[in-house]
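User: I would like to go through this model and ask, for a few of the terms used to describe it, what each one rests on.

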Amino acid sequence: MGEHILSAEQSDLQTQAFMKALLTDLSALEQMLERGMIESGVHRIGAEQEMFLVDRAMRPAPVAPELLARAADPRLTTEIGKFNLEANLSPLPFTGTCLSAMEREILDVLGVVRKAANASGADILLTGILPTLHRSDLAIGNLTPSARYEEMNRVMTRLRGETFNVHIKGADELQMTHDNLMLEACCTSFQVHLQVDPGEFVRLYNLAQLITGPVLAVAVNSPLLLGYRLWHETRIALFQHSVDERSSTHQYRNRPPRVSFGDSWLKESVLEIFREEIARYRVLLTKRIDEDSVEALAAGRLPQLEALRLHNGTVWRWNRPCYGISEGKAHLRIEMRAIPSGPSIPDEIANAAFFLGLMAALPEEYGDITGRMPFDDAKDNFLAAARQGLKAQFTWLHGESLPASTLIADHLLPIAREGLKRVKIASEEIDRYLGIIEDRVRHGQTGASWALRSLAGMGEQATREQRLQAVAASMFEQQQTGYPIHTWLPATLPEETDLRHSYRTVEQFMSTDLFTVRPDDLVDLAASVMDWKHVRHVPVEDDEGRLIGIVSHRDLLHLLAQGLTGRQAAPVSVKQIMKPNPVTVAPDTPTVEAVRLMRRQNIGCLPVVSGQRLVGLLTAQDFLNLSADLIESYLAK
């Protein structure tokens, strides 16, 4: 999918031609299922390994295009962000030593990427969300130059008719708006594929839905986004926001988002999902389709179903059905998309082993689960796992309520072990990978809990940027050892820090905990805020959060000198003394440039503004603190 992909808004004729091909593909797939033309009796597994590219400061390194050219490995492909990559692993028969073979291939392909990345001063980090991401990293300039991504961004933005809104509440609360699709680049995953027989698809798909919550609970690895502590697997909430093209009208009508868990058990066929996707979700991308899939069938050829596959690729179910052709035979797969990348390669394979073992055993163990559990319970379990990880409380079969850790350790792990035995996975592999899951539950340490404990252990030492950098650096170092997450020590601040990386832009150390006033507020309020919070500048913003002025301690002194304050004086509003239209900078402004600007303008406060809205504040005191840190760091050396 490259330069030949065009927007669905190019022309009515093009959109109609694509829709005709899409409906024809669905008809062809229906015929193939009726004729038994989909491969049965063969179970293969595969995976997609997504990753972040980082520089030496553990910040995103937007070098993917040149890295791909340098690596020249067909397993590698782009992702939406220039600091993301994806590796497509080879399909393997689901038996024997397939799990260790998958681990070896990940090591091999990451070795290829690392060699190419090092030539650009970059490296690889496996994590669901990179802790050191800034909002400025999500600028459109970091979108991978590709017709697919550019058109998706343009069409989704146009369909929404407004900015993308994000509201996620965990230990902290994040509310933000964004004007492009780059929020998706915050998320990387380890997507597991399982080829299934068409006759088993409905039962196995429902079982995949059932176990996604427990598998995710033990795999969570993404608690930090833009410095905020949110869900244990924040990817789940963020990904839905990042590609939500629904307008306010569609949301009012409660139309499901393109990223979803689903709303009911599957009943009869995989066709139900594809029909739902076509009926409910507008075509985002089109391309010229030369093959008539029904005619291909009549001619004895297997159709590629290009239109169906393209549209299916723009609807992101957490368990996605996939059609493919391998070794001259058509097949169906279930793609489990909820597992995050990292925190180590053995952890990823252990997560896959847990999922695959359950999928192998549960058809016989549970049978048809649609009558034993309401679908809403499975969906609630999934969301609870994303929010709380191993601390989640699940509702299981027949309404039984269980802690996630108890359900996994006492019930599901033995079933997964039996499932891997049934498909003749080597006993040493079963012991190794399911042992990692068992130890993770026993120690209560997932990737998410490790990161949160690491941050808590640092307290208020250093800046927030330095603490997040320390978490990412420790993750990188311990990832290289190959030891799974339950063995990791908490991240700590280094004794010596290269502060140059922590203060490159104003976004890295500006204050975001701001106290503001409105123009019609009394000056007395501004004076009180300064006294209570020991600050010398208070920004003035309107009801929409737009910066319109600033009040300084000097302004209040000047007012006091004029005798315009006191109980007998007439009320004075903030707008009467504020300095309107203050000098501002953007979050990605280099620190040196900000210092020069403050000196040139002879100002002691510099508001940081993004899209006309106040997002931070820098003061002369901040730069004094920075100078002290730099001097201490220099003397320590």
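User: Which residues of H13 and H14 meet?

Analyst: In this predicted model, Ser405, Ile408, Ala409, Leu413, Ala416, Arg417, Leu420 and Lys421 of H13 are in contact with Ile430, Asp431, Leu434, Ile437, Glu438 and Val441 of H14. Sorted by class, that contact comprises nine nonpolar, one polar and four charged residues.

User: Why are H13 and H14 called roughly antiparallel to each other?

Analyst: The axes of H13 (residues 404-422) and H14 (residues 427-443) cross at roughly 175 degrees and come within 10 Å. Angles over 145 degrees count as roughly antiparallel, and the two helices are therefore described in that way.

User: What makes S19 and S21 edge strands?

Analyst: The open sheet has the order S19-S20-S21, with antiparallel pairing, and S19 (537-541) and S21 (579-580) each pair on one side only.

User: How do you know that S19 and S20 pair?

Analyst: Pairing requires at least two bridges between the strands, and S19 and S20 (residues 547-552) have five, in the antiparallel sense.

User: What makes S22 and S23 a pair, and what lies between them?

Analyst: Against that requirement of at least two bridges, S22 (residues 605-610) and S23 have six, again in the antiparallel sense, with leucine 606 opposite leucine 618 in S23. The two strands form a hairpin with two residues between them, and glycine 611 in the turn has a positive phi of about 60 degrees.

User: Why is S23 described as largely enclosed?

Analyst: Buried means under 20% relative accessible area; five of the seven residues of S23 (residues 613-619) are buried, so the strand is largely enclosed by the rest of the structure.

Terms used:
Residues numbered from 1 in each chain as written. Predicted model: local features only at pLDDT ≥ 70, side-chain atom pairs only at ≥ 80, totals over all residues. Heavy atoms only, no water. Buried < 20%, exposed > 50% of the residue type's maximum accessible area, 1.4 Å probe, protein only. Helix = DSSP H or I, 4+ residues; strand = E, 2+ residues; numbered from the N terminus. Axes fitted to C-alpha atoms, helices over the stretch in contact; angles between N-to-C directions. Parallel < 35°, antiparallel > 145°, perpendicular 65-115°, else oblique. Contact = heavy atoms within 4.5 Å. Nonpolar A, V, L, I, M, F, W, Y, C, P; charged D, E, K, R; others polar.
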